[in-house]
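The following note sets out points for a colleague who is examining the coordinates.

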Amino acid sequence: MQPRNMSMSGVVDLAAVKAAQEAKTKAEQARAEAARQGGGTGAVSPADLVIDVDEAGFERDILQRSTEVPVVIDFWAEWCEPCKQLSPVLERLAVEYAGRFLLAKVDVDANQMLMQQFQIQGIPAVFAVVAGQALPLFQGAAGEQQIRETLDQLVQVAEQRFGLTGLTVDPDAEPGAAREAVAAEQVGPYDALLEAAVQALDSGDLGGAVQAYKNVLADDPGNPEAKLGLAQAELLQRVQGLDPQRVRKDAAEKPADVDAQIVAADLDLVGGHVEDAFGRLIDTVRRTAGDDRDTVRLRLLELFEVVGADDPRVAAARRALARALF
């Protein structure tokens, strides 16, 4: 059977793709901090990048995991000769990509319902699930170069659209178990600048805080504390001096006005109404297209950073965003 590929043109906006290493660094640091606080899963072993999945574990191992990492599904069977050629390549690439995607292997003979749900007519068949949404990648045998190109596009879609930057891989981690957090304070060359930013925030000097965080990021673009602090400071700066009643009145009277909805979402978030902020922007994504839609989507991703990738409200909003986009 000839490969049937998915064209991701129209889904991937290369001009808006974030630097992969920067995003990966942010994700690694966020997970490490969450682990120190007892709420994160830490790093995974390279052996955990390839998993066997059945119908009972589909929601947990694929749907839920797809909110933190793209999940590539390899539908295979023992009697399938092309599968025996394709599967080892996918397994090797899963390790090589070092957590940028998770490979889930599904034996179709033992999981006929999953095969029917994905409407698979023949194997091997490879799909991806990103933020709960299934994307067909290719069906039939495929060359390694073709596979790499498809995986690169998938990673870009996950990063650009949903801010999914993958898993942290630790070669020394025990397979099947998260790395235990090491609660050690790290003193780096940016302590003085970061402290200056915090002091500026405390004194209400939002412009000074923004500049201090930018000074750190100019030398260390992946610094997680500076990235989070900048996102929070810029949010506070945007809502400074706003008239809440006027903002909400404009948003209610002009549901199609992208700027009005974005300003109202900022105000919602600062007021602690996280789900309202996310829901407002997701609804606006549904109603818009082109540059307007992209503007709203990018602001939503910024608000995700302010709240934190490990917050369950962010995971739920990512799934809702995926449904709105696709």
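1. Helix packing. The axes of helix 5 and helix 12 cross at roughly 85 degrees and come within 8 Å of each other. Helix 5 is therefore roughly perpendicular to helix 12. The residues that make this contact are Gln160, Arg161 and Phe162 on helix 5, and Asp294, Arg297 and Leu301 on helix 12. Axes here are lines fitted to C-alpha atoms, for helices over the stretch in contact, with angles from 0 to 180 degrees between N-to-C directions; contact means heavy atoms within 4.5 Å. Angles under 35 degrees count as roughly parallel, over 145 as roughly antiparallel, 65 to 115 as roughly perpendicular and the rest as oblique.

2. Basis of the values. This is a predicted model, in which local features need pLDDT of at least 70 and side-chain atom pairs count only at pLDDT 80 or more, whereas totals for chains, interfaces and linings use all residues. Residues are numbered from 1 along each chain as its sequence is written, and side-chain values use heavy atoms, with hydrogens and water left out.

3. Overall composition. The protein has 13 helices and five strands; these are DSSP runs numbered from the N terminus (helices: H or I, at least four residues; strands: E, at least two). Of its 326 residues, 48% count as buried. Buried means under 20% relative accessible area, exposed over 50%, and partly exposed in between (1.4 Å probe, protein chains only). Among contacts with a separation of 6 or more, 73% come from residues 24 or more positions apart.

4. Five strands form an open sheet of mixed pairing, in the order 1-3-2-4-5. Strand 1 (50-52) and strand 5 (133-139) are the edge strands, each pairing on one side only. Neighbouring strands are turned by 25 degrees against each other on average, direction ignored. Helix 5 (residues 144-162) packs on this sheet and touches strand 2, strand 4 and strand 5; its direction makes about 165 degrees with that of strand 5. Two strands are taken to pair if DSSP finds at least two bridges between them.

5. Strand 2 and its partners. Strand 2 runs parallel to strand 3 (residues 102-107), and six bridges join them; Phe75 stands opposite Val106 in strand 3. With strand 4, strand 2 pairs in the antiparallel sense over five bridges, and Val72 stands opposite Ala128 in strand 4. How many residues of strand 2 are buried? Six of its six residues are: Val71, Ile73 and Phe75 lie on one side, and Val72, Asp74 and Trp76 on the other.

6. Aromatic pairs. A search of the whole structure finds six aromatic pairs. Rings of Phe, Tyr and Trp (its six-membered ring) pair if their centres lie within 6.5 Å; planes under 30 degrees apart count as stacked, over 60 as edge-to-face and the rest as tilted. Phe75 and Phe127 form an edge-to-face pair, at 6.0 Å centre to centre and 85 degrees between the planes. This pair links distant parts of the chain, since Phe75 is in strand 2 (residues 71-76) and Phe127 is in strand 4 (residues 125-130), 52 residues apart.

7. A pair between helices. Phe278 and Phe304 also form an edge-to-face pair, at 5.0 Å centre to centre with 85 degrees between the planes. Phe278 belongs to helix 11 (residues 274-287) and Phe304 to helix 12 (residues 290-307), 26 residues apart. Phe278 is buried, with a relative accessible area of 2%, and Phe304 is buried, also with 2%.

8. The disulfide. The count comes to one disulfide, defined as a pair of cysteine sulfur atoms within 2.5 Å. It joins Cys80 to Cys83, with S to S 2.4 Å. The torsion about the S-S bond of Cys80 and Cys83 is about 80 degrees, so the disulfide is right-handed. Both cysteines, Cys80 and Cys83, are buried.

9. Backbone points to inspect. Most residues other than glycine have a negative phi, and most peptide bonds are trans. A cis peptide bond joins Ile123 and Pro124, with omega about 5 degrees; Pro124 lies in the loop between helix 4 (112-117) and strand 4. Gln119 lies in the loop between helix 4 and strand 4 and has a positive phi of about 55 degrees although it is not a glycine. Gln119 is exposed, with a relative accessible area of 65%. Ala98 has a positive phi of about 55 degrees although it is not a glycine; Ala98 lies in the loop between helix 3 (81-96) and strand 3. At 29% relative accessibility, Ala98 counts as partly exposed.
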